[in-house]
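Colleague: Please take me through one part of this model in detail. I would like a close look at the ligand site and what surrounds it.

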Amino acid sequence: MTQNAQVVQMTAEPDEEYVTNRLPLRDRMRAQMNTDGLSQAAAAREIGISPSALNQWLQGKYAGNNDEVEARIENWLTARQRREAASSAMPEPPEFFRSPSAEKVVNALSYAQMAGDIVCIYGNPGVGKTKSFRHYRDTNPSVWIATMSPDSAGLVPALEEVAEAIGLRDAGGGARRIARAIRRKIEGTRGLLIIDEAQHLSTAALEELRIAIHDATGIGLVFAGNPEVYSRLTGGNRSMRFAQIFSRIGMRLFIPRPTVGDVKSLAAAWGVKGSPEIELLKEVAAEPGALRGASKVLALAAMASGGDITLAALRQARANLGGQE
Ligand SMILES: Nc1ncnc2c1ncn2[C@@H]1O[C@H](COP(=O)(O)OP(=O)(O)OP(=O)(O)O)[C@@H](O)[C@H]1O
Ligand SMILES: [Mg+2]
């Protein structure tokens, strides 16, 4: 009886030698999770094993098929390291650069916040609207960005996006309840709410947002997105309903395309100074995608140049990305 109990206990304990043999993989796994700041649960999800299996394996106590778990972990570590190597070769794009258009956006945001007014900022894709909003948010108090999507066209989903943007957890219930919770949080903040990609909102939702959020609290409100935003607000001047919201817009800013100054700021941010290089970037920025396309060309060229960005690398990058040679 006593002997049996001992045997059972011994097999339940991890095998000394087994643990020692596997130490390197465990160490590597622990180190990887540490450097990446990854929890065991998150790592397990990526590896494709249960969190308890990973936890037990890390302690050398896993009773299941260790070989299989280890094969998966090896795979995951290799893939992760490969990805890290690739991303370290990829130069960091500039987080934000000041450009004439960015300056205009920041001024419009600043006006909306200070005056508690409604502003409409619209422009073609890739001119740097969202980047400027984020910069403004990160450098000013009480600024929130709620990004709309095709499935937030109605008032309730739009309000839910706003609630999440201002940090309200699980604001549920009908439109009135969510709107009330939002007002309670933003009232008296002298804040600014930016509704990005607002072209996805129905005109009714735009109107309701204005009434529920701006009229009731006096905080600044920005409707931003592609040129469709503006036509939504005017409704082609056909209906009184549209006209009502339109008449309340205090300022509008249209950025159709990047200016030469914007392209020069982008180039400078990447350390590109030569005029043939800047000419090429101007051409890329004139295509649909604007500064987004030019940024991709710069990133790829920087990767290929491995130092200063050359004209040849820019040309090659442009060709590789599907533009002109
Ligand atoms: N001021 C800036 N600072 C840093 N990067 C910028 C700036 N302006 C543009 N970019 C680059 O251009 C890309 C597009 O910018 P952004 O997303 O702000 O454009 P957008 O006008 O919001 O476009 P969309 O209408 O498609 O949302 C960015 O991802 C970035 O690479
Ligand atoms: Mg954007």
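**The site around ligand 1**

Modeller: Start at Val127: one of its backbone N or O atoms lies 3.2 Å from an oxygen atom of ligand 1. Keep in mind that this is a predicted model. Gly128 also uses its backbone, with a polar atom 3.1 Å from an oxygen atom of the ligand. Thr130 uses its side chain instead: a polar atom there is 2.8 Å from an oxygen atom of ligand 1. On its own, ligand 1 has 630 Å² of accessible area, and the protein covers 85% of it. The ligand sits in the largest pocket.

Now the shell. There are 15 residues around ligand 1. Phe97, Gly126, Lys129, Thr130 and Lys131 come nearest. By type, the shell holds six nonpolar, four polar and five charged residues.

Next, where these residues come from. On the domain level, domain 2 (100–255) gives at least three residues to the shell. Domain 3 (260–320) likewise gives at least three.

Definitions and conventions. Residues numbered from 1 in each chain as written. Chains lettered and ligands numbered in written order. Predicted model: local features only at pLDDT ≥ 70, side-chain atom pairs only at ≥ 80, totals over all residues. Heavy atoms only, no water. Near = heavy atom within 4 Å. Polar contact = N/O pair within 3.5 Å; in protein donor to acceptor, adjacent residues only side chain to side chain. Areas by Shrake-Rupley, 256 points an atom, 1.4 Å probe, with all protein chains shown as cover. 1 Å grid on protein atoms, 1.4 Å probe; cavity = no way out; pocket = protein on both sides within 12 Å on 5 of 7 lines; lining within 4 Å. Sits in = over half its atoms within 2 Å of the grid points. Nonpolar A, V, L, I, M, F, W, Y, C, P; charged D, E, K, R; others polar. Domains from an automatic or database assignment.
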